[in-house]
Amino acid sequence: MSAETCQCLVWTIAEQRDGALKDVSFELLARGRRLADKLGTGLASVVIGDGVSREAMTELVERGADAVYSVQDPRLAHFVCEPYSNALSGLVSAYSPSVVLAAATSSGRTLMPHLAVRVRAGLTADCTELDIEEGTGLLLQTRPAIGGNIMATIKTPDRRPQMATVRPRSSRPLPRDPARRGIIVDVPVADSVMDGRVRVLGYRKDADGSGCVEEAGIVVAGGKGLKKAENLALVRGLAEDLGGVVGASREAVDRGWIGYPHQIGLSGKTVSPRLYVGIGISGAIQHLAGIKTSEVIVSVNPDPDANLHKLADYAVVADAFLFVPELRRRLAARKMEADNHGE
Ligand SMILES: Cc1cc2nc3c(=O)[nH]c(=O)nc-3n(C[C@H](O)[C@H](O)[C@H](O)COP(=O)(O)OP(=O)(O)OC[C@H]3O[C@@H](n4cnc5c(N)ncnc54)[C@H](O)[C@@H]3O)c2cc1C
């Protein structure tokens with residue numbers, strides 16, 4: 001169904017950095033497409049930012065959108081909650097979508113509650129499953145509750161839109177289909193969109209700016225077992241070898257060894273990588289809350305009773321200061337061998 005012939009009642013919020021769309025934008029479209037098809041409606045993606053190219057927006061169409069609402073302005077280049085929420089609430093009022101989905105990233109988790117208050121709607125955060133209820137057409141929003149012991153399914157019978165955030169990397173993007181057609185709607189940005197109480201003084205790059213842990217396919221995380229800040233170099237080195245991103249326990253962050261954006265767990269980020277390696281991390285329940293959805297978990301800890309070992313697919317009972325350098329040496333040897341064979 002195309003945007004010309006139907007209203008798009010299901011929306012996803014795309015994310016961009018420096019004008020490049022993040023993968024999570026396409027993951028959300030895969031979720032949204034399924035819901036829109038079940039409801040027999042169209043799917044729209046909203047892009048707020050600056051410098052997002054026509055090609056990038058066409059990719060949103062090729063991966064499932066019927067319409068793209070493009071809200072572009074140099075003043076929206078970086079995520080700031082109030083202007084983004086102003087822009088979105090204006091669009092929601094104008095087009096009345098039934099479902100709005102965003103990623104459970106730092107910006108999605110900040111924006112959606114703000115928007116929910118603005119439009120007087122509910123919000124279910126961190127959903128793992130989304131579906132449409134037979135008969136009523138209501139959005140079924142499923143998420144872990146009571147410390148992960150039960151899965152709760154939440155419905156929003158009265159308020160609209162039905163709003164949910166979804167964990168990054170919890171679904172695969174649809175393959176690109178160059179035959180898909182959709183429309184790109186340029187939304188003008190009124191000066192009032194920029195109204196807000198936040199004044200941005202500048203942006204500072206994270207010293208460990210190797211990437212965002214939430215979206216990383218490989219995460220190598222360090223904890224208090226590393227003893228001191230300099231030893232985090234072990235973790236950084238292994239992360240680099242594996243093409244991954246550095247994460248940390250709260251103990252490591254509280255000691256000032258690494259910045260808060262790298263903290264994984266209940267009061268930090270939730271990660272869902274293909275591979276998570278925890279080095280010198282005991283596996284406190286608050287840390288495990290952030291890594292449970294990782295595909296493969298490796299734990300490196302000399303204590304055989306460490307909690308993280310119990311959850312791990314590979315529990316390495318070893319001293320990190322001996323094991324990690326040896327692992328890196330072997331990875332380097334294997335890489336050299338592969339290079340020599342022209343693989
Ligand atoms: C409300 C609340 C929210 C919290 N949120 C978070 C959160 O978001 N994220 C988080 O991580 N924590 C969080 N915590 C803290 C959490 O309870 C733990 O204190 C913390 O996760 C422990 O960090 P750690 O594993 O690095 O340190 P420790 O628990 O001290 O573990 C260090 C581990 O290193 C091992 N070790 C020692 N020497 C070596 C060596 N040579 N090689 C390898 N391993 C070694 C030890 O055997 C030990 O298991 C929260 C706590 C509360 C109360």
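Asp-18 sits in the loop between β2 (16-17) and β3 (20-21). Strands here are DSSP runs of E, at least two residues, and helices are runs of H or I, at least four, numbered from the N terminus. Asp-18 is not a glycine, yet its phi is positive, about 50°. It counts as exposed, at 68% relative accessibility; exposed means over 50%, buried under 20%, partly exposed in between, with a 1.4 Å probe and protein chains only.

A word on the source. This is a predicted model, where local features need pLDDT of at least 70 and side-chain atom pairs pLDDT 80 or more, while totals for chains, interfaces and linings use all residues. Residues are numbered from 1 along each chain as its sequence is written, and side-chain values use heavy atoms, leaving out hydrogens and water.

Next, Ser-96. Its phi is also positive, near 50°. Ser-96 lies between α3 (81-95) and β6 (99-103), in the loop. It is partly exposed, at 47%.

Now a peptide bond. From Arg-160 to Pro-161 it is cis, with omega near 0°. Most peptide bonds are trans.

On to the domains. Domain 1 spans 8-194 and domain 2 spans 213-340; the bounds come from an automatic or database domain assignment. Their C-alpha centres lie 31 Å apart.

How many residues of domain 1 are in contact with domain 2? Ten, and they meet eleven residues of domain 2. Contact means heavy atoms within 4.5 Å.

What holds a salt bridge across this interface? The rule finds one. Glu-215 and Lys-22 meet in a salt bridge at 3.7 Å, N to O. The rule asks for a side-chain nitrogen of Lys or Arg within 4 Å of a carboxyl oxygen of Asp or Glu.
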